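The sequence and the model are shown first.

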Amino acid sequence: MNFVMDNSVTMRWFFGDGKPQEIAYAGKVLDAMKKTSAHVPATWGLEVANVIAKAEAKGFVTEARSGAFLEMLEGVDIEVDTATFAHALSDILQLARRYKLPSYDASYLELALRLGMPLATFDKDLQKAAKKAGVKKFG
């Protein structure tokens, strides 16, 4: 089953930290991607790049480690939604207002709603909004 994946899951793969159940869930998502596609809004790549750049600037990771991670991402099936921008000032804005989410988080919710797919995320506010909006949690 295809699903929408929030950047919080992607970054769990990168950092490999968190509670044991979170690490297990992130691994489950990654394993699922061997058989199915994860869909992301167009902003996902910017979020990934931002987290990596900040982590490198703070000395948490090296460019070599980041490069290896980016190579790993190229090997999994991630479908980038090209229609994100077309929904930014309408549906995404409305969801951000309704659920008091940052617009980039609302873009994941909008995509899950539009595609009728479950959502994989660790973001608590996004999880609450998804539940209220009727979007199922992946896994």
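With which residue does R12 form a salt bridge? The partner of R12 is E22, with the closest N and O atoms 2.5 Å apart; a salt bridge is defined here as a side-chain nitrogen of Lys or Arg within 4 Å of a carboxyl oxygen of Asp or Glu.

## Basis of the description

The model is predicted: local features need pLDDT of at least 70 and side-chain atom pairs count only at pLDDT 80 or more, while totals for chains, interfaces and linings use all residues. Residues are numbered from 1 along each chain as its sequence is written, and side-chain values use heavy atoms, with hydrogens and water left out.

## Overall architecture

The chain contains seven helices and four strands, where helices (H or I, at least four residues) and strands (E, at least two) are DSSP runs numbered from the N terminus. Read from the N terminus, the order of elements is β-α-α-β-α-α-β-α-α-β-α. The radius of gyration is 15 Å, close to the 14 Å that the globule rule gives for 139 residues, so the chain is as compact as a globular protein of that length. This radius is taken over C-alpha atoms, and the globule rule is 2.2 Å times the number of residues to the power 0.38.

Along its principal axes, the C-alpha trace spans about 40 × 30 × 25 Å. Of the 139 residues, 44% count as buried; buried means under 20% relative accessible area, exposed over 50%, and partly exposed in between (1.4 Å probe, protein chains only). Among contacts (heavy atoms within 4.5 Å) between residues at least 6 apart in sequence, 69% join residues at least 24 apart.

## Helices α1 and α2

The bridge between R12 and E22 joins helix α1 (residues 7-15) to helix α2 (residues 20-32), its two residues being 10 residues apart. Both R12 and E22 are buried.

The axes of α1 and α2 come within 9 Å and cross at roughly 105°, which makes α1 roughly perpendicular to α2. Axes are lines fitted to C-alpha atoms, for helices over the stretch in contact, and angles run from 0 to 180 degrees between N-to-C directions; angles under 35 degrees count as roughly parallel, over 145 as roughly antiparallel, 65 to 115 as roughly perpendicular and the rest as oblique. From α1, the contact draws on V9, R12 and W13, and from α2 on E22, A26, V29 and L30.

## Further salt bridges

The whole structure holds four salt bridges. In one of them, R114 meets E110 at 2.7 Å, N to O. Both residues lie in helix α6 (residues 103-115), four residues apart, about one turn of the helix. R114 is partly exposed at 30% relative accessibility, whereas E110 is buried at 4%. D81 is linked with E110 and R114 in a network of salt bridges.

K34 pairs with D31, the closest N and O atoms being 3.5 Å apart. K34 is exposed, with a relative accessible area of 69%, and D31 is partly exposed, at 44%.

H39 lies in strand β2 (residues 38-41) and is buried, with a relative accessible area of 15%. Leaving aside residues up to four places away in sequence, H39 touches N2, F3, V4, M5, E79, L111, L115 and M117.

G134 falls in the segment after α7 (124-133) and is exposed, at 56% relative accessibility. G134 and L113 are 21 residues apart in sequence and 8.3 Å apart in space, C-alpha to C-alpha.
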